[in-house]
Amino acid sequence: MRVNKLRNKLIIKLLGAIAISFFVSYCVMVLNALLFRYLYDSGYFDMESVLHFNFMNLFTFTTGILSFIAAFLLLVRKKVAYLKLISDSVNHIANGSLGLTIKAEGKDELTQLAENINFMSKELENKFEHERRLEAAKNELITNVSHDLRTPLTSMIGYLDLLKKGQYEGKKQFDEYVETTYSKSLRLKTLIDELFEYTRLSDLDVKLNLVEVDVTALLEQIVGEYIPIFEREHLSVKKNITDEHVPVLLDIEKFVRVYENLFMNAIKYSIKPSDIRISLEAKGSKAVFKVSNRVDQPPVEDVNKLFGRFFTGDKARSENRGTGLGLAISKRIVELHKGSIGVEYKEGWMTFYVEHTIH
């Protein structure tokens, strides 16, 4: 409906310009007629003079057309100039000036065209910028993965070579080589799985299977499953999960991954034995989940760097520090859910928090 109104308004303006131009040309032709009448009365020429008569008609017709054109151009000169501005801007955008915008003037169809071009320009700029970031991220992934894949793969090849040549002493050493090779292969599989997961989540077209979930019940279930793992690592769980029904729209499969990554991160970096604090509370329209663990010192001065790709602490990608993609994956999943995730360090406690919007 708005498009039709704008189009009608532009048509009305053009018709108005034509009408005014026609009126001006009509007035000019009337003035010409009065002038020729005066000249005739003055005896300058008579009606029997064919040359003078034809000249009078030609002059009247010509001045009428020229006055019509002049009046019309005068009335539409701003629209013509604005149309040229739009044309020039589109040409600049086509030549690479992405993000260029056109000043919106008036409220007609040309204004809407300018606004649509502005939207297109911004969208193209954002998409190209995203493509550049993806390309940079891809190069970074290739650089880091080449190291992370090579380490366990080289180790596996070495042990398999020893087994192939029979360079082992007895069944006990044979079993040790096989077990080491198997553990290296599992690490390799974990890295490849997380790499594919992060790459898939980085896509602009990621689709979420959102359903309404009671986060209270979901967390109670996951914490219950992890308690034996915490206890095996000599970690005591201190829960403070609200009893309220806290409905949140989640892709359950993906968001369970966030909680599990945060729990595994707490297990890796906790002082042992010590406590792990897990809480969930509703604050207005937000549901805030926190998991805290005691550490000797933060892995890095700026703890938010923990969410960077392949960040694994001071000892770069050692065997007991994982792939460095877990927290980056968690952050991406939370962002896809329009939530927020962060980390704080205070007095020996490392606290990760996730904020949901209550549905």
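Author: Ile65, Leu66, Ile69 and Leu73 make a nonpolar surface patch of about 370 Å². Such patches consist of residues with over 30% relative accessible area and no salt bridge, where nonpolar side chains (Val, Leu, Ile, Met, Phe, Trp, Tyr) are joined within 5 Å and like charges within 9 Å. Accessible areas come from the Shrake-Rupley method with a 1.4 Å probe, and for residues only the protein chains shown count as cover. The model is predicted: local features need pLDDT of at least 70, side-chain atom pairs count only at pLDDT 80 or more, and totals for chains, interfaces and linings use all residues. Residues are numbered from 1 along each chain as its sequence is written, and side-chain values use heavy atoms, without hydrogens and water.

Ile65 lies in helix α2 (residues 50-94); helices are DSSP runs of H or I with at least four residues, numbered from the N terminus. With a relative accessible area of 41%, Ile65 is partly exposed, a class between buried (under 20%) and exposed (over 50%).

Turning to the charged pairs, there are eight salt bridges, each a side-chain nitrogen of Lys or Arg within 4 Å of a carboxyl oxygen of Asp or Glu. One of them joins Lys171 and Asp175, with the closest N and O atoms 2.9 Å apart. Because Lys171 and Asp175 are four residues apart in helix α4, about one helical turn separates them. Lys171 is exposed at 61% relative accessibility, whereas Asp175 is partly exposed at 35%.

How values were computed
Helices (H or I, at least four residues) and strands (E, at least two) are DSSP runs, numbered from the N terminus. Buried means under 20% relative accessible area, exposed over 50%, partly exposed in between (1.4 Å probe, protein chains only).
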